[in-house]
Amino acid sequence: METNPEIENRLKLLQEKYAAMGQDMVSYLDGLLYADYLTYWDYIHLDTLLSLQTPKTSFPDEEIFILYHQITELYFKLVLHECEQITQHLNLDVAFFSFRLKRIINYFEALTHSFSIMIDGMDKEQFLKFRMSLLPASGFQSGQYRMIEIYATDLINLVAKDKREELRLANIQQKYDQIYWRFGATELASGKQTLTLKQFQTKYDASFLTLLAKVEKSNLWQAYLKLKTKDQDLSELENLLKRFDVLVNVNWPLAHYKSAVRYLNREPEEIKATGGTNWQKYLPPRFQKRIFYPNFLSLEETEEWGKTWVFEVLASLK
Ligand code: HEM
C-alpha cells in the first residue's frame, strides 16, 4: 500500500514525539489499532450522569428538584472555570478579561432565567412533603456558590455588613470568621448556629481559606485594579463587572427568593426552611447588601440595592 506524503509527515512527527520521551512508537500504533471508536455516551459519561439522581421519596417532582440543583452546580463549575482562567492569567489584558467575564454573565443570565423551573415547575404539595426527607441539607451548603464569591471580590465585601468598617484592616481569618453567611444560618428559636452551617464549615472551611489566600491579590476586583494602573480604557469592563455584580447579588438571589416565597410563605407564619435559617430576613438582597464592587456605585445606588426588585417579587406573588 502506498502512503501519501501527509501520512508520512504525521508518522515522522509521531516518531519524533515518542523518541523524545524514549517511547516505542510501534507499540502506540498497536494501541491505536485495537482501540474502540469513541462514542458520544462514553465521552460525556452519559450513563453515569443520568444515574446520579437518587430521590429520597417516591414523589415524582423530587427528581426535578435534584436535577435542577445539579444543572445549577454544573453552571457554577463553568463560572469557576472562567474565574480560574482570569485570575491565573500571567499577562491579563482588558480584552481577555472582558471576553471571559461575558461568558460568566451569560451563565448567570441563563441561571436566573431558568429559575422558573423551580418557581413554577413543581407541585407545591409534593414539594412540601419531600423536602422533609432532606433535612438538614440546603442549597445554603453549595460550596461552589461561595467560591464564586471568593473569586469575585475582596473578602471585606463578603463580611457581614455591620462588621465591615471595623474589620477593614483585619487578616483573612478574622474577616472569614465574620463572613455574612454565618449570620444567616442561625436557628429561628435559639439563635444558635444551625446544623446545616456546622456541617458546611466542617467540609469547606479549610478549602475556602486556602482559596481566599490564593486569590487575595488576584481576585476579579484586584485584577481590575491592576489593569487600571496601566491607563487603559476600562469603561466596558467596568460595565461588565457591574452587570455581573447585579446578576449574582440581586437578580439570581431574587429569582431564588421567589421560589422560597412560592413554597414556604404561609400566613400567618412562614414554613421553616430545611437549613433552618430565618429565610425571610436572611435571603432578600436588600437586607444582605452583598455588593462585590461598591466603588462603582453612588450612595443612592447602594441604598437602593435590591429594593425595587424585592417589592416586585412580593407583589407578583400576591
Ligand atoms: C424550590 C426551590 C428552592 C427553595 C424553596 C429554596 C429555599 C432556600 C432557603 C429557605 C434558603 C435559606 C437557607 C435555609 O434555611 O435552608 C436557601 C439558601 C440557598 N439556596 Fe435555595 N432554595 C431552592 C432552590 C435552590 C436551588 C435550585 C439552588 C441552586 C444551587 C439553591 C441554592 C441556594 C443557595 C446558594 C443558598 C444560600 C443563599 C445565601 O446564603 O444567600 N437553592 N434556599
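Lys289 is buried, with a relative accessible area of 13%. The cut-off for buried is under 20%, so Lys289 qualifies at 13%. The model is predicted. Its secondary structure comes to 19 helices and 0 strands.

**The whole chain**

- The chain has 318 residues, and buried residues make up 42% of them.

**Helices α6 and α15**

- Two packed helices are described by the angle between their axes and the distance between the axes.
- Helix α6 covers residues 94-114, and helix α15 covers residues 235-264.
- Their axes lie 10 Å apart, at an angle of about 20°.
- Angles under 35 degrees count as roughly parallel, so α6 and α15 are roughly parallel to each other.
- Their crossing is left-handed.
- On the α6 side, the contact residues include Val94, Phe97, Leu101, Ile105 and Phe108.
- On the α15 side, they include Leu237, Leu240, Leu241, Phe244 and Trp252.
- The residues of this contact divide into 15 nonpolar, 3 polar and 4 charged.
- Among the charged ones are Lys102 and Glu109 in α6, and Glu236 and Arg243 in α15.

**Helices α14 and α15**

- Helix α15 also packs with α14, and their axes come within 12 Å.
- The two axes cross at roughly 165°.
- That makes α14 roughly antiparallel to α15, because angles over 145 degrees count as such.
- The crossing of α14 past α15 is left-handed.
- Leu220, Tyr224 and Leu227 in α14 meet Leu237, Glu238, Leu241 and Phe244 in α15.
- This contact has 6 nonpolar residues, no polar ones and 1 charged.

**Helices α1 and α2**

- Helix α1 spans residues 5-20, and helix α2 spans residues 25-34.
- They pack at an angle of about 115°, with their axes 9 Å apart.
- From α1, the contact uses Leu11, Leu14, Gln15 and Tyr18.
- From α2, it uses Met25, Tyr28 and Leu29.
- By class, there are 6 nonpolar residues, 1 polar and no charged ones.

**The nonpolar core**

- In soluble globular proteins, nonpolar side chains tend to be buried together.
- Here the largest nonpolar core has 77 residues.
- Phe97, Leu101, Phe108, Trp181 and Phe244 have the most contacts inside this core.
- Helix α15 gives the most to the core, with 15 residues.
- Which residues does Leu101 touch, not counting residues up to four places away in sequence? They are Ile86, Leu220, Leu237, Leu240, Leu241 and Phe244.
- Leu220 belongs to the α14 contact with α15, and Leu101 touches Leu220 too.

**Leu234, a loop residue**

- Leu234 lies in the loop between α14 and α15, where α14 is residues 220-228.
- Is Leu234 buried or exposed? Leu234 is buried, with a relative accessible area of 5%.
- Not counting residues up to four places away in sequence, Leu234 touches Val94, Tyr224, Leu227 and Lys228.
- Tyr224 sits 10 residues from Leu234 along the chain, and their C-alpha atoms are separated by 8.5 Å.

**Backbone details in loops**

- Lys289 is in the loop between α17 (285-288) and α18 (299-304).
- Lys289 is not a glycine, yet its phi is positive, at about 45°.
- His45 also has a positive phi, of about 50°, and is not a glycine either.
- His45 is found in the loop between α3 (40-43) and α4 (46-50).
- His45 is exposed, with a relative accessible area of 53%, whereas Lys289 is buried.
- The peptide bond from Leu135 to Pro136 is cis, with omega near -5°.
- Pro136 lies in the loop between α8 (124-130) and α9 (143-152).

Notes:
Residues numbered from 1 in each chain as written. Predicted model: local features only at pLDDT ≥ 70, side-chain atom pairs only at ≥ 80, totals over all residues. Heavy atoms only, no water. Axes fitted to C-alpha atoms, helices over the stretch in contact; angles between N-to-C directions. Helix = DSSP H or I, 4+ residues; strand = E, 2+ residues; numbered from the N terminus. Parallel < 35°, antiparallel > 145°, perpendicular 65-115°, else oblique. Left-handed = near helix turned anticlockwise from the far one by under 90°. Contact = heavy atoms within 4.5 Å. Core = buried A, V, L, I, M, F, W, Y, C linked by side-chain atoms within 4.5 Å. Buried < 20%, exposed > 50% of the residue type's maximum accessible area, 1.4 Å probe, protein only.
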